[in-house]
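Me: I am new to this structure and would like to learn how to read it. Can we go feature by feature?

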Amino acid sequence: MMILTLIMTAVLAMVITSLLGIKLIPYLKRLHFGQTIKEIGPKWHAKKQGTPVMGGLMFWAGIIVAAVIGYLYYIFQSGNTPNSLAVVRFISGLFIALAFGMIGFLDDYIKVVKKRNLGLNVRQKTVMQLLICIAYVATLYLAGDTSTVVIFPFLGQIDFGIFYYPLAVIGIYFFVNAANLTDGVDGLLSSVTFVVSLGLLAVAAILRNMEMQIYAVALAGGCLGFLFWNFHPAKCFMGDTGSMFLGGIVVAACFGLGMPVLLGLVGIIYLVEAMSVVLQVISFKTTGKRIFKMSPIHHHFEMSGWSEVKIVFVFSAVTAVFCVIAVIGVWTMPGVR
């Protein structure tokens, strides 16, 4: 029954997402919701000018609808009364993803409709995102998730005490924006996040966390459905509408598993992309020199001659390796088996 529920959820997310593209993409074209290519990007991206953006709306619907239906079906079929904390983690996770997605939608709307290429300014984004992070952490705390112990696969655990909460807020903020930075070439974030979802599914299965297994398969199905439209050459971009939603749901899955530190393993590409920007800025401001030809780092590889398809393949493969490491780390934790 559990396997059937997971398969149904994944297929539903994929079908809803992919089918929505049939109607949504022409609609976005009619509204002139096309991508404006930044002048600072690679010159060859200019040919993508006008590609419909805000395609992330497809998997908003696919993932949320499939996850909710899958969870309700699981509860109905199992006859079990779900744990209240598990329910809060499930629902609040969808809300944090949707809230981040709404910020991304507003940013995209300003860019493509108001014709302001940079969208929301940094201060506006930061304030809104931090408020969402704080609200999410507070919700989990009030629901009974009061542990400040962080489990590190292979290493053990550390009790951060009161410092856990600001670190959690900063970590959520960082990784959501890191996912946003990863969305830079056709199919990259969709493919990497698909692999991440498989890693999270394996971890959730080991921990016997059905809620997060449903999350993971809904995420996998949504990413696959969107890749139908987003793989190179992309017919539609997810925009910040989609990238921030995906970042939010990956973060929620790791917190839902009670192992936020997994973000550093399954989300290794997000981490590398963000750090490449940080290092580039620090280097240029302190020495006047750039470490990379362009950041985020996927643009460095583009300018080094890599095709977009090769970047997607290599980055996804690296993600797969680190997901396997994460799974082994969780599998070998004391008391898991």
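Me: Which residues is Thr 5 in contact with, leaving aside its neighbours within four places in sequence?

Reply: This is a predicted model, so every contact here is read from predicted positions. Contact means heavy atoms within 4.5 Å. Beyond its sequence neighbours within four places, Thr 5 is in contact with Gly 70, Tyr 73, Tyr 74 and Met 210. Thr 5 itself sits in helix H1, residues 2-30.

Me: Does Thr 5 count as buried or exposed, and why?

Reply: The cut-off for buried is under 20% relative accessible area. Thr 5 has 0% relative accessibility, so it counts as buried.

Me: How do I read a nonpolar core?

Reply: Start with the general idea. In soluble globular proteins, nonpolar side chains tend to be buried together. In this model the largest nonpolar core has 87 residues. Those with the most contacts inside it include Ile 172, Leu 246 and Tyr 270. Helix H7 (residues 210-230) gives the largest share of this core, eleven residues. Apart from it lies another core, of five residues, with Val 53, Met 54, Val 112 and Phe 237 among them.

Me: What does Leu 246 touch, not counting residues up to four places away in sequence?

Reply: Its partners are Phe 59, Ile 63, Leu 189, Thr 193, Leu 219, Cys 223 and Met 238.

Me: How do I check the span of helix H12?

Reply: Compare the expected span with the distance between the end C-alpha atoms. H12 covers residues 308-331, 24 residues in total. At 1.5 Å a residue, H12 should span 34 Å, and its end C-alpha atoms are 34 Å apart, so the two agree.

Me: What covers the buried residues of H12?

Reply: The buried residues of H12 include Ile 311, Phe 315, Cys 323 and Val 330. Among the elements that cover the buried residues are helix H6 (188-206), helix H9 (263-266), helix H10 (268-287) and helix H11 (297-303).

Me: How many cavities of 30 Å³ or more does a search of the whole structure find?

Reply: One. The largest cavity holds about 80 Å³ of space. Helix H4 (122-142) and H5 each give two or more residues to its lining. That lining divides into seven nonpolar residues, one polar and one charged.

Me: And what lines the second largest pocket?

Reply: Look at volume, then lining. The second largest pocket has a volume of about 340 Å³. Its lining has 16 residues, with Val 150, Leu 167, Gly 171, Pro 260 and Val 261 nearest its centre. H5 gives the most to this lining, seven residues. By type, the lining has 14 nonpolar residues, two polar and no charged.

Methods. Residues numbered from 1 in each chain as written. Predicted model: local features only at pLDDT ≥ 70, side-chain atom pairs only at ≥ 80, totals over all residues. Heavy atoms only, no water. Helix = DSSP H or I, 4+ residues; strand = E, 2+ residues; numbered from the N terminus. Expected span 1.5 Å × (residues − 1). Buried < 20%, exposed > 50% of the residue type's maximum accessible area, 1.4 Å probe, protein only. 1 Å grid on protein atoms, 1.4 Å probe; cavity = no way out; pocket = protein on both sides within 12 Å on 5 of 7 lines; lining within 4 Å. Points joined across faces, edges and corners; volume = space filled by probe spheres on them. Nonpolar A, V, L, I, M, F, W, Y, C, P; charged D, E, K, R; others polar. Core = buried A, V, L, I, M, F, W, Y, C linked by side-chain atoms within 4.5 Å.
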